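Visitor: Hello! Could you walk me through this structure, one question at a time?

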Amino acid sequence: MAGSNSYTIVEYFGGDDGYRCGYCKNDKGNFSHGMWSHSMTVQDYQDLIDRGWRRSGKYVYKPIMKKTCCPQYTIRCHALNFQPSKSHKKILKKMSKYISKGELPTAQADGEPMDSVCEEAGPREPTKVCQSDLKVVANADIKDEVPNCSAATEVQKNSEDSTAGSSENFQNDSASVSEGGTDAKASKPGLGADPSRPPCRKAKDLRKERRLQKDQKRQHGAGISLAKPANTNQPKTLEEFISESLEDNSSDRLEVRLVPVNFEDSQFSASYQQSAALYARYQMAIHGDDPSECRESEFRRFLCDSPLEAEHSPDGPEMGYGSFHQQYWLDGRIVAVGVIDILPACVSSVYLYYHPDFTSLSLGSYSALREIAFTRKLQKQSTKLCYYYLGFYVHSCPKMRYKGQYRPADLLCPESYTWVSVEQCIPLLNNSRYARLNQDPDAGDSQAVKDVGRALVLHKRTVMPYIVYSCKFKGRSDTAEVQEYASLVGQDCVERILLYRS
């Protein structure tokens, strides 16, 4: 997918220091590994979030699950099989009532997101990297240096779970680096329900067939794709519920605009100041931030500076992959913005901010429903893109459990990196904050690093395997750090991502 000149370049920071937890407010209880990403391909980020990583601006972090006070489990929803619950339907009806009559609910919304996205984790600033160093120059001499490197055996012995590799294969891999190419591998399908199959029907749904047919005739697109179901006995779809909340006789029209996070895009630049002002207002009213904590520079760093390189693929979505702002315009002004990443296998929710006056409309849950519908629309353009990632599920924080209501859903096992249904996970998490979710004791990490020497390093504009780097700079004691980094990103990523070394 990525072009031959597209690389992910990161600086690894480790995870020794504790920071303030945004969930339980423990001053030093939040522990995570961190990397600063100077650039990142969408496939590499897809693979990283499937290993428990998540980004905040250009800072990419992975909670230390056994150590942090509030373990955070990556959660995804099977968008194609999603059916709105009663509470979801109530939220859509609230929006419909407001749009048609202009009446805001008096009761405050329950279960609204309070995702701090690890803002208190204190993302470190990157090293003062010379920008010319990031312009990768291929090293044609890598292939010749590998057989002559006497430190190869020592690095292999120090690498946990290392195995002896074929010299011929290793030289071929090195040659591919010298040509400047890193092929993005397709994401592996997870466990769970088959996304291509419709949900099972109950007998009572058959009685709704005639009413559904009438409803379908009066539906309007309103930006939502309404393909006719193959089976007329299917229950009303999410798209139909959303469309019903956007009737044409409304006094205030709700428009959803998808704009790329790119200052060269006219829509993004034209709405930037209004969006930044809305973010500041939200942070101060909802999260109690001081004005100094939500300046325009913070907004830009947190929600506009993305490491993801915009990419287009013949079999990908029309707008391409990358970072986007999904803006909700009501009566000519922005009332909410959902920050999302469109990746090869999913739409990943990054953050949501909205006008505090509309808190009672449950815009957090409403935007999640719209993003699930958006994922389903994209899947028709790109068949692999069928999941909606909601960030982290924090069972120890009751206000974060709402994410488990978007079902069918899976949590990522922090040890085997396999997906396990939420229904199977909840009993385990009720007993312990941290749990190995995959109960098969033989299930291991399929991406466990077997050869840390194959990790790619970027040093002075030169790409080389770590085994070559360690030979050139024998006095540097960074093997343990590189081993830790490699174990966290996995074998495939470690052979594609460039680890910056000054």
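Visitor: Among contacts in the protein chain between residues at least 6 apart in sequence, what share joins residues at least 24 apart?
Guide: Please keep in mind that this is a predicted model. Contacts here are heavy atoms within 4.5 Å. Taking those between residues at least 6 apart in sequence, the share that joins residues at least 24 apart is 73%.

Visitor: How many helices and strands does the protein chain have, and what percentage of its residues count as buried?
Guide: The protein chain has 15 strands along with 14 helices. A residue counts as buried when its relative accessible area is under 20%. Of the 502 residues in the protein chain, the part that counts as buried is 55%.

Visitor: What percentage of the accessible surface belongs to carbon and sulfur atoms?
Guide: The accessible surface of the protein chain comes to about 22,600 Å².

Visitor: How is helix H8 oriented relative to helix H9?
Guide: Helix H8 covers residues 266-286 and helix H9 covers residues 296-304; their axes are 10 Å apart and the packing angle is about 110°. Angles of 65 to 115 degrees count as roughly perpendicular. Therefore H8 is, relative to H9, roughly perpendicular.

Visitor: Which residues of H9 meet H8, and how many residues in the contact are charged?
Guide: From H8 come Phe268, Tyr272, Ser275, Ala276 and Tyr279, and they meet Glu296, Phe299, Arg300, Phe302, Leu303 and Cys304 of H9. Sorted by class, the contact of H8 with H9 has eight nonpolar residues and one polar residue, while the number of charged residues is two.

Visitor: How is helix H2 oriented relative to H10?
Guide: Helix H2, residues 86-101, packs with H10 at an angle of about 105°, and their axes are 10 Å apart. The range for roughly perpendicular is 65 to 115 degrees. So H2 is, relative to H10, roughly perpendicular.

Visitor: Which residues of H10 make the contact with H2, and how many charged residues does the contact have?
Guide: H2 brings His88, Ile91, Leu92 and Met95, and H10 brings Leu363, Ser365, Tyr366 and Leu369. By class, the contact of H2 with H10 has six nonpolar and two polar residues, and as for charged residues, it has no such residue.

Visitor: Is Arg376 buried or exposed, and which side chain does its own side chain join in a polar contact?
Guide: Arg376 sits in helix H10, which spans residues 363-379. Its relative accessible area is 11%, so Arg376 is buried. Not counting residues up to four places away in sequence, Arg376 touches Ala79, Leu80, Phe82, Thr237, Leu238 and Glu239. A polar contact of 2.8 Å joins the side chain of Arg376 to that of Glu239.

Visitor: Where is Gln405 found, and what is the C-alpha to C-alpha distance between Gln405 and Pro84?
Guide: Gln405 is in the loop between strand E10 (387-393) and strand E11 (409-412). With a relative accessible area of 45%, Gln405 is partly exposed. Leaving aside neighbours within four places in sequence, Gln405 is in contact with Ser87 and His88. Gln405 and Pro84 are 321 residues apart in sequence, while their C-alpha to C-alpha distance is 9.2 Å.

Visitor: Is Lys460 buried or exposed?
Guide: Lys460 lies in the loop between strand E13 (456-459) and strand E14 (462-465). Its phi is positive, about 50°, although Lys460 is not a glycine. The cut-off for exposed is over 50% relative accessible area. Lys460 has 60%, so Lys460 is exposed.

Visitor: Is Ser32 buried or exposed, and which residues is it in contact with?
Guide: Ser32 belongs to strand E2. Its relative accessibility is 4%, so Ser32 counts as buried. Leaving aside neighbours within four places in sequence, the residues in contact with Ser32 are Gly14, Gly15, Tyr61, Lys62, Pro63 and Ile64.

Technical notes. Residues are numbered from 1 along each chain as its sequence is written. This is a predicted model: local features need pLDDT of at least 70, side-chain atom pairs count only at pLDDT 80 or more; totals for chains, interfaces and linings use all residues. Side-chain values use heavy atoms; hydrogens and water are left out. Helices (H or I, at least four residues) and strands (E, at least two) are DSSP runs, numbered from the N terminus. Buried means under 20% relative accessible area, exposed over 50%, partly exposed in between (1.4 Å probe, protein chains only). Accessible areas come from the Shrake-Rupley method with a 1.4 Å probe; for residues, only the protein chains shown count as cover. Axes are lines fitted to C-alpha atoms, for helices over the stretch in contact, and angles run from 0 to 180 degrees between N-to-C directions. Angles under 35 degrees count as roughly parallel, over 145 as roughly antiparallel, 65 to 115 as roughly perpendicular and the rest as oblique. Ala, Val, Leu, Ile, Met, Phe, Trp, Tyr, Cys and Pro count as nonpolar, Asp, Glu, Lys and Arg as charged, and the others, Gly among them, as polar. A polar contact is a pair of N or O atoms within 3.5 Å; within protein, one must be able to donate a hydrogen and the other to accept it, and residues adjacent in sequence count only if both atoms are side-chain atoms.
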